[in-house]
Amino acid sequence: MSSGARSSAGAAALTVGALGVVFGDIGTSPLYALRETFHGSHGHHLPVTTSNVVGACSLVFWALVVVVSVKYVAYVLRADNEGEGGILALTSLVAPQRASAYVGRLKWLVILGLFGTALLYGDGVITPAISVLSAVEGLSVVEPGLEEVVLPIAVGILVALFAVQRRGTGAVGRVFGPVMVVWFVVLGLLGAYRTIEHPQILAAVNPFNGIGYLFGNGVDGFLSLGSIFLVVTGGEALYADMGHFGRRPIRIGWFTVALPALMLNYFGQGALLISRPESIDNPFFFMGPHWARPALVLVATVATIIASQALISGAFSLTVQAVQLDYLPRLAIVHTSAQQAGQVYVPIVNWFLMVGSISLVLAFGSSGALAAAYGIAVTGTMGVTTLLMAAYARRAWGWSTARVLAVSIPLLVVDLAFFGANLAKLPDGGWFPVVVAVGLITMMTTWRTGRRLVAERIRRGEVPIDDFIADLADSDVARVPGTAVFLFKGSGAAPPALITNTRHNRVVHEQVILLSVRTSDAPVVPEDERVEVIPFGKGFHQVILTFGFTEEPDVEEALRQLDDPSLRVDPDELTYFLGRETVVATALPGMSNWRERLFALQLRSSASAARFFKLPPDRVVEVGSQVEL
């Protein structure tokens, strides 16, 4: 096979994979989006007339074009952090991970990025609930008597979905793409069938029909934007999953498969509503012939499970990035694949999502009611992305202020219109993702600020390593065989654990490594740039290990690659000394008392550094100290 053929085959495989992961959320929106546009659960009820249907489909068409095709696929995907995408990766590009970035002039950009990240977790709770529930509700279309079993079946599917997360997604992931290809083909065929029956729906391509719909329906027309927005809720995933598939496969998959299938299906639903307005109760399932509806329910259920799985996996990956960038405490992370480093399982996040999703299903009872809680989190995230992109285009691409404003203002107007319409959902459930986001942003900023204050308090009592080494010569401290590794983020200073151990045990190992593990702004750090060694003399060395924010920090494996003539290291004989700080809340300036207590709780619940850095547990010694905040 020629290299060109192999390249084409590889691109095709990546495109199919992208269809299974990237487009799962946006691909299942036809199950409920157009229905909610007319029968929104947060107050608006529009008559299902021909002009309204054509106008609503026009807004759907232009939302997909402007928000997804133009903003994300053509514009935002260009901002890649060495191939990685997502709002945290974009935040790292705009505001590098330095302490000065968090407390200085870039502070608000960082907080914006963190708030957008926190909103995605709220979306992560709602998406599995509304997607699975909307698919299972198709049973009541097949047989009205089955309505009573919809909730138990939906809850059972969600329990099973979250229960299998610990097994990893590798094996299941291989079938995601082909199944979603089938789903998009079904969407397209159903839509084409109905569109051919009533081709006048194609007038929706004319934007003036959408404008007429908005102005003709007044406040109800504007409020319906909160439901029309549901057609683009998976747009942020296009950017977040760029690192898994690359920009080109995502663009190919969108323009050749996902966009045509979605547009045909929305137009088909519109055509059905023109001829049969009563189908508004569930236009998606009424599109198909009666004999095909059971199979349609089955395919839709599988597609929503895949969409939910992709979002759950994304939440795991986002959590790992947040931990690596020091915005969250160390959490227990299980690596589910020996071949793929990115396949992880985060138990606490999994159970948080499961309890949240099942609670929402039971509390709201229907996908229509759940739609009232859905959308506000995503609109907020999309608005944050627009603002961060403006800062990035100015900083990285050297765009003039006029050019940045010319691109950003129209996009921001669209974002704010959708956000404003979604604000009406706050009393009916839209408060839920906002509460989740506020809670998470509080935890993130408290952790980040607390870590900075702890570092400052420790730094005040630091002893320069040169002074420590010089004092050893005049003391009765014994040098014993072996190599001790002291994990400490500081540079050029003696770690508190080293000072405490020397004071109490009166011994220092023959070789001492002051090990600093750092996280780069880049997602991946090349192996030849991983390790930096700084000799201090008298057997003391500073070793700096740098990992990308998507990488797993395996300290022992990195030390095995150490190749420095001044340092003799046998990784199987190393003893690791870790400092473990206990925070005491005080009246000292820095944080309010309740945040100090919250930080102390976060610190106590943080996973073991030994486990996080993959250190051998039988060769780890923890040395405690107290820090006053």
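What follows is a short chat about local features of a predicted model.

Visitor: Let's start with aromatics. How many aromatic pairs does the structure hold?
Guide: The structure holds 17 aromatic pairs. Phe61 and Trp62 form one of them, with an edge-to-face arrangement: 5.1 Å centre to centre and 90 degrees between the planes.

Visitor: What about Trp183 and Phe284, how are their planes set?
Guide: That pair is tilted, because the planes are at 40 degrees; the ring centres are 5.6 Å apart.

Visitor: Where do Trp183 and Phe284 sit in the chain?
Guide: Trp183 is in helix H10 (residues 170–197) and Phe284 is in helix H16 (residues 283–287). They are 101 residues apart, so the pair links distant parts of the chain. Trp183 is buried at 0% relative accessibility, and Phe284 is buried with a relative accessible area of 0%.

Visitor: Which residues form an aromatic cluster?
Guide: Tyr75, Tyr392, Trp397 and Trp399 form one.

Visitor: Which backbone oxygen lies 2.7 Å from a polar atom of its side chain?
Guide: The backbone oxygen of Gly191.

Visitor: New topic. Where is Ser224?
Guide: Ser224 is in the loop between helix H11 (207–223) and helix H12 (225–228). Ser224 is buried, with a relative accessible area of 0%.

Visitor: What does its side chain join in a polar contact?
Guide: The side chain of Tyr213, through a polar contact of 2.8 Å.

Visitor: And how are Ser224 and Ser608 separated?
Guide: Their C-alpha atoms are 49 Å apart, and the two residues are 384 residues apart along the chain.

Visitor: Helix geometry next. What span should H18 have?
Guide: Helix H18 (residues 347–364) has 18 residues, so at 1.5 Å a residue it should span 26 Å. Its end C-alpha atoms are 26 Å apart, which agrees.

Visitor: Which residues in H18 are buried?
Guide: Among them are Val349, Leu353, Met354, Ile358, Leu360 and Val361. The buried set also includes the polar residues Asn350 and Ser357. Just after H18, Gly365 takes a positive phi of about 85 degrees.

Visitor: How many residues of H20 are buried?
Guide: 16 of its 21 residues, so H20 is mostly covered. Helix H20 (residues 376–396) reaches 30 Å from its first C-alpha to its last, close to the 30 Å expected. H20 is followed by Gly398, which has a positive phi near 70 degrees.

Visitor: And H23, which residues there are buried?
Guide: The buried residues of helix H23 (residues 465–473) are Ile465, Phe468, Ile469 and Leu472. Seen down the helix axis, they fall within an arc of 95 degrees, so they line one face of H23. Asp471 and Ala473 are exposed on the other side.

Visitor: Why would residues three or four places apart point the same way?
Guide: An α-helix has 3.6 residues a turn, so residues with that spacing point the same way.

Visitor: Last one. Which residues have a positive phi although not a glycine?
Guide: Arg506 has a positive phi of about 60 degrees, and Lys538 also has a positive phi of about 60 degrees.

Visitor: Where do Arg506 and Lys538 lie?
Guide: Arg506 lies in the loop between helix H24 (496–505) and strand S6 (507–519). Lys538 lies in the loop between strand S7 (531–537) and strand S8 (540–547).

Visitor: Are they exposed or partly exposed?
Guide: Arg506 counts as partly exposed, at 37% relative accessibility. Lys538 is exposed, with a relative accessible area of 65%.

Conventions: Residues numbered from 1 in each chain as written. Predicted model: local features only at pLDDT ≥ 70, side-chain atom pairs only at ≥ 80, totals over all residues. Heavy atoms only, no water. Helix = DSSP H or I, 4+ residues; strand = E, 2+ residues; numbered from the N terminus. Buried < 20%, exposed > 50% of the residue type's maximum accessible area, 1.4 Å probe, protein only. Polar contact = N/O pair within 3.5 Å; in protein donor to acceptor, adjacent residues only side chain to side chain. Expected span 1.5 Å × (residues − 1). Phe/Tyr/Trp six-rings, centres within 6.5 Å; stacked < 30°, edge-to-face > 60°. Arc of directions from axis to C-beta.
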